[in-house]
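Please study the sequence and the three-dimensional structure shown here before reading on.

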Amino acid sequence: MFRALSYLIPAQSSCELREQAVTNFRSLRQQIPLLYAAALVNLVGLHVATGGEELVLISPVSLLTALLSWRMMVWLFFQRDSDDLNVIAPQLIKMVALTVLLCVGFSIWTQVLISKHPNETMSILLFSILAALGAAYGLSSFPRAAILPLAILGLPIATRLLFMNNATTTGIGISLLLVLLLLMRLLHTHSRALAGLVTSKLAVAKEHNRAISAEVAALKRADQDALTGLANRAKIFREMQSHMSQGPSSGGGSVVAICDLDGFKAANDAFGHAAGDAILQAFAARLSDAFGDKASVARTGGDEFVIFWRDGLTKRDIAKVGNAICALASTPIEWDGKGLNIGVSCGITEAGPISSSVSEFVRQADSALYRAKASGRGVWRLYDRKMYALDKRRAALENMLMDRKAQMETTIHFQPIICLASGQVVSCEALARWNNEQLGIIPPSEFISVAEQLGVIEGLNEILLQKAINAATPWPPELRLSFNLSAIQVSQEGSADRLLGLLEKDGFSPCSIQFEVTETAFLTDLGRAKRELQKLKDAGCIIALDDFGAGYASVSYLRDLVFDVVKLDGSLTTDIQHCERSRRILLGLIELCHASGAKCVAEHVETKEQLSLIRAMGCDFAQGYHVGRPAPGMTILAMSPDRTAMPLQQTG
């Protein structure tokens, strides 16, 4: 059936055939009833023109009239639009078959009438041609079918006229033949144009669908992490924006967990990016399997993942989820025949009164993650009121540091360092103190690290150095000022020149100052830190390595760099009174310092026994509460006979 239809409808593909058939059928539903009506009118006209004989039950006129009337009723009242080619194809083929049948019957009857009524030839010709043209016009949306009335009904009449041996009828026959051929040519052209139009329409539709598919794919890619297939940062944030619900202070709001892989960078550096990708993909699959049916899981960048429960969790379930996330990394990830071991730390928060926005909601989870990592990694932490108070304090501290309040409010205290051989104070370490009306006492360990993270440490340290120089200017020449430099400050190009410029501006001799640096100063840029410290050393400054023994690479720094003084970390002296092993370690480090050509300072000397032990070990200097507590505006310390520090005398 479809093959027969393909002869009637020019098409290059089944899709084009269907589209043209549907288009033709819809147009024909509007035109066919008029076609049959026109045929009926011309049929009656022929009957009247040839004498109007009384109709009998079985005659060409009655049969054609019945057939035309029946088909007109069918198309008026029973045919319905359809996109189903299985429904359309039989109807179109039936319509073509009936058209052929009607045209053949009409044509035969017309020829009979011309023979029987030669005097009415022109009338018969008129009604027949009008019937042919009306049928052709009614089928014009189906061009190949529209040619049939012209060919079956029109051409025989034109041919008959050509051979009637009458100049007038011959002329009419020639004219009619040419008109019919012209119409048939036009219908053929129309058929090709219609086919081209449908082809173009399908091409446009195909391109439109391709564009839509590409857009859908692009949207999918825009919402999906390419490596793991999880949702990406943009999508999870939109979901939280739309579905985050805040609960009361007792809980009940949406829950978000942010987890970060421990040891990922080490594995990525050791085995390459392929191993790193395998780790991310495997852990993403584990998260999706564990929580994908209850929560939204996303990779937000690097080795960070987010899980979002829009409907919240109970306190008990939160604990289960936290433990489950950390347990997901307990099994090594197989890659290239190796078992890659990683861990995971996690921060969780619950939306409540203090989660006023999605950004705050996520910030809280991130803060909990930071504290989880700080507490040993491989653990999870739930954001609570205590953390919120700490974050508020941190935010207030950042604001004060940014608006230079710290520079105005900080003061300098000094802690003495004594020579164990003479018992005399040889230097005093400048220690920053900050007592703020809003936050109270802020220890240096808190505000110095924040200042480093904010990038304002250099300006703050230069103000502190200036304050220390002002206080130390009246000191005797043999008493040296000891000042701590930030790791970031030491690693910056030109830092030595700026420091020496400050000393020169205040008329303070470089030989009267000792700069203390920790080994973290060399982790950022060893070469640059080495160059800057050498400039200070060449100018006459004493360079001390602080907190030796607390880091990971101190021995290599003693080998590669030249220090005048090495300050042994206070943890090394804590239990030397009770632990022989600790004493042996401390003795070995003292000898190591001397072997490198540096003198050493024992920090955190808290008791008389500790002082005696480090003196016996050959340590050069001591610092700690037993030697002297930090205090403002000091004078030279007077030492008692047992070489412990006397109470500090304050100036002015």
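The model is a predicted one. Its chain has 652 residues, and 47% of them count as buried. The secondary structure consists of 23 helices and 16 strands. Among the contacts in the chain with a separation of 6 or more, 68% are accounted for by residues 24 or more positions apart.

The interior may be considered next. In soluble globular proteins, nonpolar side chains tend to be buried together. In this chain the largest nonpolar core has 71 residues, and those that touch the most other members are Leu481, Phe515, Leu536, Leu568 and Ile614. Helix α16 gives the most to this core, namely 7 residues. Apart from it lies another core, made up of 44 residues, including Ile88, Val96, Ala132 and Ile157. To see the surroundings of one core member, one may turn to Leu568. When residues up to four places away in sequence are not counted, Leu568 touches Phe548, Leu586, Leu589, Ile590, Cys593, Cys600, Val601, Ala602 and Glu603.

Empty space is the next topic. Rolling a probe the size of a water molecule over the atoms shows where empty space is left. The largest pocket holds about 1,200 Å³ of space. Its lining comprises 40 residues, of which Glu429, Asn484, Thr518, Asp546 and Asp547 are the closest to the centre. Both strands and helices contribute: β8 (411-419), β9 (425-436), β11 (480-484), β12 (513-518) and β13 (542-548), together with α15 (444-454) and α16 (457-472), each supply at least two lining residues. By class, this lining divides into 17 nonpolar, 13 polar and 10 charged residues.

The second largest pocket has a volume of about 390 Å³. It is lined by 14 residues, and the closest to its centre are Tyr370, Arg371, Leu390, Asp391 and Arg394. Two or more lining residues come from each of α12 (358-374), α13 (385-402) and α15. The lining of this second pocket has 4 nonpolar, 3 polar and 7 charged residues.

A cavity, unlike a pocket, is a space from which the probe cannot get out. How many cavities of 30 Å³ or more are there? The count comes to 1. The residues around it are Leu35, Tyr36, Ala39, Leu68, Thr99, Leu102, Cys103, Phe106, Ala131, Ala135, Leu139 and Leu153. The elements α2 (14-49), α4 (85-116) and α5 (121-138) each give two or more residues to the lining, and α4 gives the most, with 4 residues. The cavity lining has 11 nonpolar residues, 1 polar residue and no charged residue.

In helix α9 (residues 264-271), Phe264, Ala267 and Asn268 are buried. These residues lie on the same side of α9 because they cover an arc of only 100° around the axis. The buried residues of α9 are covered by elements that include β1 (255-262) and α10 (273-291). The opposite face, turned away from the buried side, carries the exposed residues Lys265, Ala266, Asp269 and Ala270. Just after α9, Gly272 takes a positive phi of about 100°.

Leaving aside residues up to four places away in sequence, Gln489 touches Glu458, Asn461, Glu462, Ser495 and Leu499.

Finally, the backbone deserves attention. Most residues other than glycine have a negative phi, and most peptide bonds are trans. Asp336 is not a glycine, yet it has a positive phi of about 50°. This residue, Asp336, is found in the loop between β4 (333-335) and β5 (338-340). Asp336 is exposed, with a relative accessible area of 58%. His604, which is not a glycine either, has a positive phi of about 60°. The loop between β15 (599-602) and α23 (608-616) contains His604, and this residue is partly exposed, with a relative accessible area of 49%.

Conventions:
Residues numbered from 1 in each chain as written. Predicted model: local features only at pLDDT ≥ 70, side-chain atom pairs only at ≥ 80, totals over all residues. Heavy atoms only, no water. 1 Å grid on protein atoms, 1.4 Å probe; cavity = no way out; pocket = protein on both sides within 12 Å on 5 of 7 lines; lining within 4 Å. Points joined across faces, edges and corners; volume = space filled by probe spheres on them. Nonpolar A, V, L, I, M, F, W, Y, C, P; charged D, E, K, R; others polar. Core = buried A, V, L, I, M, F, W, Y, C linked by side-chain atoms within 4.5 Å. Buried < 20%, exposed > 50% of the residue type's maximum accessible area, 1.4 Å probe, protein only. Contact = heavy atoms within 4.5 Å. Arc of directions from axis to C-beta.
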